[in-house]
Amino acid sequence: MLRHGSPNRGASGRGVGAAAGALLLAAAPAAAGTLLQPAHADDVRGGQQAVIETLKLPQAWRTSKGAGVLVAVLDSGVDPGHRDLAGVVRVGKDFTEGANPPGIAPSRLHGTYMASLIAGHGHGPQGKRGIIGVAPEADVLSVRVILEDEEPGFREFNSAERFENVVAKGIRYAVDEGADVINMSISKELATREERAAIRYAISKGVVLVAAAGNRGDRKVEGDFAPYSYPAAFPGVVSVGATDERLRRATFSNWNSSVLVAAPGVDIMGAGPGDEYWVGRGTSQASALVSGVAALIKARHPRMSPPLVARAMADSATDRPPGGYDTATGFGIVNAAKALAEAARLAGHTETAAGDQAQDPARPLAGGQAGPVEVIVRDERRVTVYTAVAAAAGAGALASLAVIFVLVRRVRRAAMAQDA
């Protein structure tokens, strides 16, 4: 089942764990998360400046702000009434229905938080207050596939077999609803066949999938990497690691060969239900930021294939590790402005093979049935005889060389004696 952070409680009230990012209230340690009062919403944008500068968003917004792109947020639900998201959220299907008792409204904290990082447009004069997302002109499709830790149906959701493939169902639903990008700030330890098939379906429809690499990187691990997390570790999904204030791998961020790129994931400002604001940490936040960059690219190049979108972000990443890649931050930290420039360069290319030699692995071989396989039978006795003959010939050759070497030495000695 899906992994959620365990709830933490501060002196001032409840705490909420999330699928791939921890959140706490004000009295809890700031490293985990702090709630800002709505009255101070004008301070939120200032708290975003480090992220805005790291991703080079002002430069990117000269080219694209995500207009016309639909980003599906597969999460705990999004509050469509938050002032920083008003008018851009379409509430889609709830695949967790039946987990909570009747009449219990979803918390929608984690999902609202992620959606604001992707497509928040702020509020107030010229939208300069509140959260500004990476793609502030994109639209959001809310698809509920997880519960917050504190919801009464959380245990039922994580144990009942009927909820096993909610992520796969959510992916297919989002694709069919017209999503261009799917953000999955969620993680689980085991993959399913249905999820793999859903991801292949999404990619075949040109949808970019982005997922959190997971938050178990600071735990004891075996070998030279942290555990793999799904759906991030599926081929074709952009797996995102988190960096700290120094733009190095955050200690909690999973490190393994699935990580493609990284983004800031510590002390990240975001919106919460009811016009609240939160700051938290996790690969969830990093994933949402990268989904926003993918939305900027898709707005500019709607027909660009998912592999090329991923390549544009990876090839243009900054703070690249020595050698160009490592399992901590992948190819480096996503840079929105450079990613758009690289996407423009790649726009004339395709990742689809063409011609008579091309073969879709999802289809049978051309002609329907493959021909018979030719089996070559080797005569072991003959092979043994030939090996013995070859070995004898080799030994004879070595003996001949030894005789020649001895004779040459005798001739040289005789010549030296005559000269003396």
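Predicted model: local features only at pLDDT ≥ 70, side-chain atom pairs only at ≥ 80, totals over all residues.
**Ground rules.** I number residues from 1 along each chain as its sequence is written. Local features need pLDDT of at least 70, side-chain atom pairs count only at pLDDT 80 or more, totals for chains, interfaces and linings use all residues, and side-chain values use heavy atoms, with hydrogens and water left out.

**Sheet.** I looked up the strand order (strands, E, are DSSP runs of at least two residues, and helices, H or I, of at least four, numbered from the N terminus). Seven strands form an open, parallel sheet in the order E5-E8-E4-E9-E11-E12-E13. Strands E5 (89-94) and E13 (259-264) are the edges, each pairing on one side only; pairing takes at least two DSSP bridges between two strands. I then checked E12 against E13 and found five bridges.

**Thr-243.** I placed Thr-243 in strand E12 (residues 238-243). Its relative accessible area is 0%, so Thr-243 is buried (under 20%; exposed is over 50%, partly exposed in between; 1.4 Å probe, protein chains only). Beyond four places in sequence, Thr-243 touches residues including Ala-262, Ala-263 and Thr-329, where contact means heavy atoms within 4.5 Å.

**Cores.** I counted a nonpolar core as a set of buried Ala, Val, Leu, Ile, Met, Phe, Trp, Tyr and Cys residues joined through side-chain atoms within 4.5 Å. The largest has 61 residues, and Val-238, Val-240 and Val-261 are among those touching the most other members. Helix H8 (residues 283-300) gives the most to this core, with nine residues. A second, separate core of 33 residues includes Phe-95 and Phe-163.
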